[in-house]
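Please read the following briefing alongside the sequence and the coordinates. It treats helix packing, nonpolar cores and the chain interface in turn.

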Amino acid sequence: MKNYVLALSIALGISSLALAAEPVTKGSKQATLEQAEAAWNPIEGEKLIALSAKGDYLRGEITYEVCRGCHRPDANGRVDGKYPRLAGQHDTVLIKQLTDIRAGRRGNPKMLPFADDHVINAQEIADLAKYLSHLPIPANNGKGEGAYLERAAKIYDADCAECHGKNGEGIREKFYPRVASQHFAYLENNMLAIRDGKRMNSYPKMVEVIKKYKDKDITLLADYMSRQQSEPQRDPQPR
Amino acid sequence: MKQKHWLWLMLVAGLVMSMPSAQAADPKELAATVCIACHGPDGNSLAPTFPKIAGQQPGYIEKQLNEFLSGKRKNDVMATFLDKFNKGDVPGLAALYAAQKPAPGTVEDAKLAAAGKKLFDEGNPDSGVPGCMGCHLEKGEGNDRYPRLAGQHQAYTIQQIADFKSGKRSNDKAKVMRSVAERMTEDEMKAVAEYIAGLQ
């Protein structure tokens, strides 16, 4: 564990992402949480390489060619939510999700043949993350019915805002995704998948919180998030 | 003194390495005597089973010719001509055909082409077929990394997708095209080929 933290802090210290390693605190509760977090998001292998590498915007644009056929030239995905919007997502989140899918930690058989390591290498993941996180966020996205937004706001503020931000902006440094203005159907499907244990690479606290939600709670929360507006969080380096 | 020896050695080594691996023939001569039989006088083949190569991306032509020579791509018809050219001829041939004007194809079934356009642009999100325009670009023009498709004969396009699907053709970069083709139905192949024929 100590080695992992040391490796992480060395790697991230030189990283263009300049993430600060969490201080190590002793005590059994802390250790359990650390284990849970490590299981959620182990920073090792190609994920560590990609997070430590300096992404290149132009190379990212070229690497993205193989993704464009589904995620679209503006990286807006599909308004029907069959493919998510990637433009403006945090670089950390893009790296986590892509490497988790490649490592089998998140199932995505539809995408894997076009995103596995024989197609895209670890440096190119960093390039992709740089490119996508710096793209402008397209104006159009899929939204829900808009029927229970006040109720959704109450649940969101109580349960979700701490991690995903008051306006759905997420927390780049902690790998918490930006959910604001993601497509409604994508949010809904993925929240259902997390609740039902079909999307395996989620933060344990997220799984805990979402367990109690009924389908209709998830629908109205997805609707609410699809309408959130917030500025993207980008690495300070200009592209 | 020692350093000077090294410089000479490197110079000679550099010269040897930069020499073509085989004597290159005049690409125009080759095209007019060998390639013309199937690919036509200007790279626009008439028979729909032979590909149009006029205006094709030069990097793609080079890759295909080199892989026919090395055996990585196999084709019974091309096989009979592989003793007519060598690796040294490839860059000249690629440049020659890339510079020729591609002739437009003929759409025979507008309804089928319309279905093909949807697939070309958007793919099939339910089966996971990506839109062709992702790699081959909006008008099927291709780029340094992906081939031009625009105006190609329907029969040739369908055959290639089917061969990628069956694995008979396996020289695609990173198995990407095989992964796409595996998910395509025969009807989708026909539709997209019909649309591609009409692209310019």
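The crossing of α6(A) and α8(A) is right-handed, a crossing being right-handed if the near helix is turned clockwise from the far one by less than a right angle, and left-handed if anticlockwise. This is a predicted model, in which local features need pLDDT of at least 70 and side-chain atom pairs count only at pLDDT 80 or more, while totals for chains, interfaces and linings use all residues. Residues are numbered from 1 along each chain as its sequence is written, with chains lettered from A and ligands numbered from 1 in the order in which they are written.

**Helix packing**
- Helices are DSSP runs (H or I, at least four residues) numbered from the N terminus, and α6(A) and α8(A) pack at about 135° with their axes 8 Å apart.

**Nonpolar core**
- The largest nonpolar core has 32 residues, and among the members that touch the most others are Leu94(A), Ile95(A) and Leu128(A); such a core joins buried Ala, Val, Leu, Ile, Met, Phe, Trp, Tyr and Cys residues through C-beta atoms within 7 Å, buried meaning 20 or more other C-beta atoms within 10 Å.
- α8(A) gives this core its largest share, 7 residues.

**Chain interface**
- Contact (C-beta atoms, placed from the backbone, within 7 Å) links 13 residues of chain A with 14 residues of chain B.
- On the side of chain A that touches chain B, α5(A) supplies the largest share, 5 residues.

Note on methods: A residue is buried if 20 or more other C-beta atoms lie within 10 Å of its own, exposed if 12 or fewer, and partly exposed in between; C-beta atoms are placed from the backbone. Helices (H or I, at least four residues) and strands (E, at least two) are DSSP runs, numbered from the N terminus. Two residues are in contact if their C-beta atoms, placed from the backbone, lie within 7 Å. Axes are lines fitted to C-alpha atoms, for helices over the stretch in contact, and angles run from 0 to 180 degrees between N-to-C directions.
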